[in-house]
Every structure is written in C-alpha cells, then in structure tokens.
Amino acid sequence: MLKCDMLIESNEIKATILKLKNEENYSILLDITVVDYLKYPDVTPSRFAVVYILRDATFKKQISIKSYVDENTLTVDSLSDIYKSANWAEREAYDQYGVNFNGHPNLKRVLNHHQFVGHPLRKDYEITKGQICTETEDLMDEMNPLLTSKGYTPEEVNDLMLLNVGPSHPASHGTIRNFVAMEGETITACVTEIGYLHRGFEKSCENHTYSQVIPYTDRLNYCSAILNNIGYSKAVEEMLNIDITQRAKSIRVIIGELSRIIDHLVCNAANMVDLGGLTNFWYLFAPRDTAYDLLSKLTGARLTNTYTRIGGLEFDLYDGFADDLENVLKEVETACSDALSLIAHNRIFHDRTQDVGVIKSDFALNAGISGVNLRATGVAHDLRKDKPYYGYENYDFDVVVGSHGDVYDRMMCRFEEMVQSTKIIRQAMKELPDGPINVDAPGILLPSKKDVYGNIEGLMNQFKLTFEGIKVPKGEYYSSIEAGNGELGFFIVSDGEGRPYKVKCRPPCFYSLGAYSNIVEGGMLADAVVTMASMNFIAGEFDR
C-alpha cells in the first residue's frame with residue numbers, strides 16, 4: 001500500500017516539486033489527492049497522506065509523490081503559485097479531507113456547498129449523512145480580492161455590473177455558475193462555482209465492489225459513457241496484472257472511438273446553437289441518434305451503457321453489427337460535410353469564433369488542460385500516441401492540432417478528430433480478431449449461467465464475486481486514457497479486499513473549467529458563452 005515513486009517529508013513538498021519542474025521538466029501537475037489511512041493506523045506513520053501526480057513536458061514520463069501530513073496541523077505548502085492546476089486541486093483536497101494548503105489564495109470548498117460541515121471522504125464520515133444547502137453564496141469573497149488585484153477601488157467596484165450566468169441557464173451547458181463583473185459588455189472578472197451536481201462518486205466507490213463501480217462511471221461524462229467504463233476497467237485490470245483478449249481490446253477501441261465521435265457531435269452541435277445556427281444542430285444530432293440505436297442493440301442501453309467488465313466486455317458484437325456501424329459512420333461523414341458547408345466560408349461564423357476564447361499552450365499545460373482544448377493550442381499531446389494502449393500504436397491516424405487555441409480551432413479540431421476516429425474504427429473492424437471477449441479468470445469474471453445452475457463450484461463463484469467482489473492486490477495505482485475531453489485518470493488504492501479503499505477520478509473537465517475564468521476575462525459576455533461551449537464542460541464529469 002505504501003508504494004509510490006517518491007516518498008518525502010511534508011516540509012519538502014514545494015522544494016522537491018519545484019526542483020522536478022525546473023530540472024527534470026515535470027511541467028504538468030495532473031492531480032492532487034489525499035489518502036485517509038484511518039483503518040490502518042499501524043501501517044502508516046500518519047493518518048493522512050497527500051499524493052501528487054506529475055507528468056513531464058515530453059508526455060512520456062510520469063511520477064507520483066507522496067507525503068504524510070502531521071495530524072495535528074494538517075498543513076502543507078500550496079503549489080498554486082507554481083501550477084495553475086493546483087488551485088482547484090488543493091481546494092478539492094481541502095474540501096473532501098480537510099488538509100490545509102499554506103499560501104493558497106482562496107482555500108474554500110469547491111464540490112460541497114459552503115454550509116457543509118465536515119469532510120465527506122474521511123473514513124469516519126458516514127455515507128448516509130447528507131447535508132442540505134439552504135442559503136446561496138454571493139461569491140463576493142472571491143470577487144472582491146480579484147477586482148482589488150486588478151486595481152479597482154471600492155468606489156469603482158460599485159460602478160461595475162455584477163451578473164450571474166447560471167447555474168440554471170441554457171448557456172451554462174450543465175449546472176455551472178459564472179459570477180461576472182462587467183463594464184458594459186466586457187467581462188472584467190469572473191468567478192466560477194461548481195458542485196451543483198456533486199453526488200459523491202468517490203464515496204460511493206468505497207462502498208461497492210470493483211464491478212459495481214462500473215455503472216457509476218457511466219454518469220461521469222454521460223456524452224461518451226463507454227470511454228469512462230474503459231478508463232476505470234483498464235485501471236483495475238492493470239492492478240490485477242491481467243491482459244484482456246485481443247478481441248476485447250479491438251472492440252473497446254471501436255466502441256470507444258464511436259463514443260468519442262458522439263461526444264464531439266454533441267459539443268459542436270451545442271456550440272452551433274449558441275452561435276445561432278440551429279440547422280447545424282439537427283445535422284449533427286441525427287447521426288448521434290443512429291449511433292445510440294446501435295449502442296442500444298449492443299449493450300441494452302442508449303446513454304449509460306455499463307458495457308465493459310473487469311477482464312473484458314459484457315456482450316460480443318451482434319450479427320449485423322458491422323453493417324450498422326458502417327451506416328453510422330457514413331451518416332457522421334455526411335453530417336459533418338453538411339455542417340461544414342454552412343460554416344467553412346461563413347463570415348459571421350468566422351467573426352464569432354476566430355480570435356475568441358484564446359488559450360495559449362504554456363497556460364494550458366500549467367493549468368492541467370488536456371484533450372482537444374490543449375491540442376487546439378498547437379500541442380500534439382494524445383495519450384493514444386504518447387502512452388499507447390490497446391494497440392493504438394498499430395493504427396494509422398493523425399493527432400489533430402490547431403495553431404491559435406481559439407473557439408474556431410477547438411471546433412475544427414473536433415470535426416477532424418471525428419474523421420480520424422472513423423479511420424481508426426474502420427481499421428479495427430477490418431483487422432478484428434476472433435476469439436473470446438473475456439479472460440479466463442474465475443476469480444475475476446462471473447461464471448456462465450450454465451455453470452451457475454449446473455455445478456456447485458460455479459454457484460459458489462457467482463456468490464462470492466457478487467457479494468465479496470474481486471480481490472485486487474494491495475497497492476496504489478494511477479492509470480489514464482484519452483477520453484472525449486482529455487486525460488481521464490483513476491487513482492485507486494486497494495487494501496486487498498473486494499471493495500476499493502479509495503477511488504479518485506481525475507476528470508479532464510475539472511481542470512479546463514478551473515482555468516475558464518482566466519480565459520474569458522477581457523472578452524465579451526456573448527463570447528464567453530461560445531467559449532464555454534467550445535471547451536465542452538460536462539457537469540457529471542467535473543462535479544462527480
């Protein structure tokens with residue numbers, strides 16, 4: 001359980017990580033989390049440990065750093081002045097576990113509401129202890145210091161228009177509240193509040209078996225649910241040191257890329273609506289609906305599919321799947337062609353998207369932004385290429401990059417990524433191997449119904465796996481995939497039992513949204529709306 005790449009004293013955190021950044025180019029802070037070892041007081045030197053996960057600028061090397069925190073002070077130095085991504089990451093660690101970060105500019109809750117008492121991911125917090133928020137927060141504790149730092153006097157602040165955009169607003173693309181200070185139509189300062197859809201994903205994981213967690217992952221990015229299934233199952237499989245079958249890998253690639261296409265269709269279609277182009281919305285949503293018909297036939301569900309299993313898949317491809325899939329791909333190609341024909345040379349579209357919501361590459365990396373939002377800045381980082389899995393290194397496809405990092409680049413990157421995903425799917429279908437879709441591992445996969453009803457061993461195995469769960473070896477592990485919005489990671493702690501001791505999801509939307517307020521400041525309100533749409537924030541993912 002204590003294994004990590006580097007174990008350091010808490011007073012050495014900042015100096016060590018700063019050295020790693022400056023001397024070894026670990027320029028990306030992927031995630032920060034805390035582990036509560038309450039149940040193992042004799043195993044660890046302290047109840048709480050803070051874990052940092054970093055990646056270097058080549059995207060090839062990754063390192064995890066752990067530091068035990070003094071239980072009396074529960075304080076470590078903040079990294080928010082080194083990494084922009086540390087701001088919300090540290091707020092989440094404080095919110096969920098109560099660890100204080102000395103030097104943080106505004107250490108307050110981020111997922112749980114301001115009236116919440118206690119820290120819900122501590123092991124001694126009861127899962128059934130819900131707390132209701134009865135009063136809204138005006139967010140002036142965040143807005144006033146922000147305006148002061150920009151040189152505004154109290155009298156000048158009074159002349160600004162303070163406006164809430166969301167959380168219940170079509171332009172919010174989910175339950176997001178943006179509190180903005182405006183001079184005319186220009187946003188002077190912006191504060192983002194989330195947590196309206198927080199449902200305790202990580203707490204729920206601790207109280208269910210590893211297999212029972214899979215349906216919870218569907219509800220993260222519900223626009224590409226199967227990619228969440230794949231990311232979580234892959235992490236657990238790596239902890240179990242099992243290699244799924246070649247057929248299962250290929251099918252995961254096929255269905256995962258189809259999910260990526262669906263995600264991009266939703267994003268670009270919604271962005272068109274925010275720009276005033278409803279026709280494009282219908283063009284792009286039609287093939288999405290056809291794709292959901294296919295997924296319904298394959299998995300039994302349209303939106304939240306729960307398709308993967310630890311060790312493989314629930315169902316093999318049905319008869320006629322190849323024809324249905326090709327029909328979906330042709331519809332996607334037609335829809336994208338039709339949508340582009342309306343915008344490619346459209347002056348209004350260009351004026352509304354070009355040089356709007358610009359993200360610079362160095363800012364994106366420092367803020368932990370990944371996926372299309374990073375690639376649109378010109379950074380060719382894609383985990384399918386940089387840390388390939390499931391044979392992605394054998395597929396012929398391009399990493400799509402932009403040059404300016406604006407709304408236009410993000411939308412066009414998504415259009416081209418759909419082309420590349422279509423290319424990958426057709427290659428995978430052409431080379432699809434025969435064989436089983438699940439590994440032969442009785443301690444991991446449920447037995448067939450024939451064995452359950454036909455012999456005592458199968459019946460006992462079904463019973464033990466259902467009630468006790470898969471026994472994952474003790475350890476701490478981080479694994480990630482290239483999801484629809486970027487790097488979707490899972491940091492899992494196992495104590496050898498059938499339920500995970502801890503599951504921490506690293507949602508790509510969380511870090512992109514944490515940087516959103518900086519991106520829209522200085523722009524117009526209408527531009528902030530299309531910027532939000534182009535960054536594709538999914539509330540189920542960042543709120544969990």
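User: Where does S480 lie, and why does S480 count as buried?

Analyst: S480 lies in strand β12, residues 475–483; strands are DSSP runs of E with at least two residues, helices are runs of H or I with at least four, and both are numbered from the N terminus. Buried means under 20% relative accessible area, exposed over 50%, and partly exposed in between, with a 1.4 Å probe and protein chains only. S480 has 11% relative accessibility, so S480 counts as buried. The model is predicted: local features need pLDDT of at least 70, side-chain atom pairs count only at pLDDT 80 or more, and totals for chains, interfaces and linings use all residues. Residues are numbered from 1 along each chain as its sequence is written, and side-chain values use heavy atoms, with hydrogens and water left out.

User: How far is S480 from C509?

Analyst: Their C-alpha atoms are separated by 14 Å, and the two residues are 29 apart along the chain.

User: Why is E155 called exposed?

Analyst: The relative accessible area of E155 is 55%, so E155 is exposed. E155 has its place in helix α4, residues 154–158.

User: What makes the protein chain agree with a compact globule?

Analyst: A compact globule of 544 residues would have a radius of gyration near 24 Å, and the protein chain has 23 Å, so the values agree. This radius is taken over C-alpha atoms, and the globule rule is 2.2 Å times the number of residues to the power 0.38. The C-alpha atoms fill a box of roughly 80 × 65 × 50 Å along the principal axes.

User: How many helices and strands does the protein chain have?

Analyst: The protein chain has 20 helices and 14 strands.
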